[in-house]
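Dear colleague,

I am handing over the structure that we spoke about, and I would be grateful if you kept it open while you read. My notes on what was found in it follow directly after it.

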Amino acid sequence: MSVLVYIEQVEGKFKKSGFEAVSYAKAIAIAQGTSLTAISIGQVDEQELKELGKYGASKVLNVNTDQLKSFVNQAYASVISEAVNKENADILVLSNSFSGRGLAPRIAVKLQAGLIDGAVDLPQTEGGQFSVKKTAFSGKAFAVTELTSAKKVIALMPNAFGVKEVNEEVTVESFSPEVKATDFSAIVKEIVRATDKVSLPDAEIVVSAGRGLKGPENWGMIEELATLLGAATACSKPVSDADWRPHSEHVGQTGISISPNLYIAVGISGAIQHLAGISSSKVIVVINKDPEAPFFKVADYGIVGDAFEVVPQLIEALKVHKG
Amino acid sequence: MNPYDEIALSKAIELCEGGKGTVTVLNVGESATEPTIRKALAIGADDAVRINAAPRDAYFTAFQIAEYVKNNDFDMILCGRESIDYNGAQVAAMVGEFLDIPSVSIIKKLDYDGTTATLEREIEGGKEVVSITGKFIASCAEGVAEAKIPNMRGIMSARTKALVAIEPVAIEEVAKVVKFDTPAPRGTVKLVPSEDAKKLIDLLHAEAKVI
């Protein structure tokens, strides 16, 4: 028995959400008294692959065939399932990233396995059960789900489990499974990736603003604050609907859900649909001139004041703090 | 009706407009779902099927859908990205795997020229555009279509459109929700006076340790 963890690569590099998945999988492997194997697909340097030993993998399956160098949902699902069978693993862990969400259910069906999509905690196994907590009702509650199948697939919510260094001796092994042609039916035509900014789903710090900013021309101070913090920028639904900001910045029930370490909300009232997108944030800061704004009820820190006076002060203070 | 399913339904109807195709709406549910299925017919679906079972988990639901599709020919299957209670987003990709056809989860855009579909999904920091010629399933997020509302003619015709109930196929259980928990309350907010806003930076650094 072993635990297998799939870790995504982007341009040959692993991301923090991937290392989180490895640390999470290692914790499960330790609890189960077994070893951890990782699988990477695509062109990744030996040195980068060996990094996974730092987080607990004792073996890395390196799938580096030409066919599979770019992500193809159906094909990757087949490869990972083959690896599960090859390693005789009972538990597969991966990140609940955008791609993970398309992969995990397919793998679960191949393995006839129960799936936890968006786990926020380690599995509980007392009394011979295997149950895992995940968010439900758009983040307003948690669902504890028991997996009763022989094999189990867990997709870990990004930023829900900390990266932990354990330093395992690691060997890298080449793995080249056969993949059937029909697994490549969907053809990726184009990938558009903004390389200059911090990607919102991956960001540890997010500066977000809403209608309180009054117009798109006022976003300069938000962007400046974000740059100083090394943060990504986000916005509320009305702002995205009005095209003041790109739709990819819309955070909320019908936008994207994020769980950064720090979420700073400027001029956002905190409607329940917006909260649904950020409720898993570790620390929430709210800046709003309305003391009755519902957002203050879920905030850890708050400033009741005019954004146009408060944000410049924060920018100045940050410059001093850094300099 | 799940707002994401409304989007998927509206897109399906849009793609089939003008006699280009037909839309069958499928639901896994007990008889209480029939009024909602009738609403889908009123919005513009041509006929409906209800698989008579509670949708106990994604694996079960996906299996039922796949079994039905295996016995009936469809070019494209569209559904909502996730249920609004469990937020699983599992069904579409599971159906794809059961049927051995491509699946694209959580799409923001879908164009179809009669043989090839071009779909867009979000990835971290960007988007991926995928092209599929042949059968597939996609789960829809906001942006794929504007949700249509039923008009009077639709409501009237919905009453006579076919709604067939069929029995589910047995399959073992793999996952079940044991309980729901509410999150621990966050505690009260620590307010910083607006004249002294810079104090917030010190707190975030020294106390919260997030910067």
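Beginning with chain A as a whole, 55% of its 323 residues count as buried. Please keep in mind throughout that this is a predicted model, and that the values below are computed from it. The secondary structure of chain A comes to eight helices and 17 strands, and its C-alpha atoms fill a box of roughly 60 × 45 × 40 Å when this is taken along the principal axes. A compact globule with 323 residues would have a radius of gyration near 20 Å, and because chain A has 21 Å, it agrees with that expectation. Among the contacts in chain A with a separation of 6 or more, 66% are accounted for by residues 24 or more positions apart.

Chain A is divided into domain 1, which covers 2-184, and domain 2, which covers 200-322. The C-alpha centres of these two domains of chain A lie 32 Å apart, and the contact between them takes 10 residues from domain 1 and nine residues from domain 2. On the side of domain 1 of chain A that touches domain 2, there are three nonpolar, five polar and two charged residues.

Next, a helix of chain A, α2 (residues 46-54), in which A:Leu49, A:Glu51, A:Leu52 and A:Gly53 are buried. What do the buried residues of α2(A) pack against? Their partners in chain A are β3 (13-14), α1 (16-32), β4 (35-41), β5 (59-63) and β11 (171-174). After α2(A) comes A:Gly56, whose phi is positive, near 120°.

The sheet that I would ask you to look at with some care is an open one of six strands, in the order β14(A)-β13(A)-β15(A)-β16(A)-β17(A)-β10(B), and its pairing is parallel. At the edges stand β14 (232-235) of chain A and β10 (190-191) of chain B, and because each has a single partner strand, one side of each is left without a neighbour in the sheet. Within this sheet, β13 (residues 205-209) and β15 (residues 262-266) of chain A run parallel and are joined by five bridges, with A:Val206 standing opposite A:Tyr263 in β15(A). Where chain A meets chain B in the sheet, β17 (residues 301-304) of chain A pairs with β10(B) in the parallel sense over two bridges, and A:Tyr301 stands opposite B:Lys190.

In the loop between β16 (283-288) and β17 of chain A you will find A:Lys297. Is A:Lys297 buried or partly exposed? It has 15 C-beta neighbours inside 10 Å, so A:Lys297 counts as partly exposed. The C-alpha atoms of A:Lys297 and A:Gly270 are separated by 8.9 Å, although these residues are 27 residues apart along the chain.

Turning to the contact between the chains, 60 residues come from chain B and 70 residues from chain A. On the side of chain B that touches chain A, the elements that each supply at least two residues are α4, β4, β5, β6, β9, β10 and α6 (198-207). The residues of that side of chain B divide into 31 nonpolar, 13 polar and 16 charged.

Three of those strands of chain B follow one another in hairpins, and both of the turns can be described. Strands β4 (residues 103-112) and β5 (residues 116-123) of chain B run antiparallel and are joined by five bridges, with B:Leu110 opposite B:Leu119. Three residues lie between them in the hairpin, and B:Gly114 in the turn has a positive phi of about 110°. In turn, β5(B) pairs with β6 (residues 126-133) of chain B in the antiparallel sense over eight bridges, and B:Thr116 has B:Thr133 as its bridge partner in β6(B). This second hairpin has two residues between its strands, and B:Gly125 in the turn has a positive phi of about 75°.

Finally, helix α3 (residues 58-71) of chain B has 14 residues and reaches 20 Å from its first C-alpha to its last, close to the 20 Å expected at 1.5 Å a residue. Its buried residues include B:Tyr59, B:Phe60 and B:Phe63, and the buried residues of α3(B) pack against α4 (98-110) of chain A together with β1 (24-28), β2 (47-51), α4 (91-99) and β9 (175-181) of chain B.

With kind regards

Technical notes: Residues are numbered from 1 along each chain as its sequence is written. Chains are lettered from A and ligands numbered from 1 in the order in which they are written. This is a predicted model: local features need pLDDT of at least 70, side-chain atom pairs count only at pLDDT 80 or more; totals for chains, interfaces and linings use all residues. Two strands pair if DSSP finds at least two bridges between them. Helices (H or I, at least four residues) and strands (E, at least two) are DSSP runs, numbered from the N terminus. The expected span of a helix is 1.5 Å times one less than its number of residues. A residue is buried if 20 or more other C-beta atoms lie within 10 Å of its own, exposed if 12 or fewer, and partly exposed in between; C-beta atoms are placed from the backbone. Two residues are in contact if their C-beta atoms, placed from the backbone, lie within 7 Å. Domain bounds come from an automatic or database domain assignment. Ala, Val, Leu, Ile, Met, Phe, Trp, Tyr, Cys and Pro count as nonpolar, Asp, Glu, Lys and Arg as charged, and the others, Gly among them, as polar. The radius of gyration is taken over C-alpha atoms; the globule rule is 2.2 Å times the number of residues to the power 0.38.
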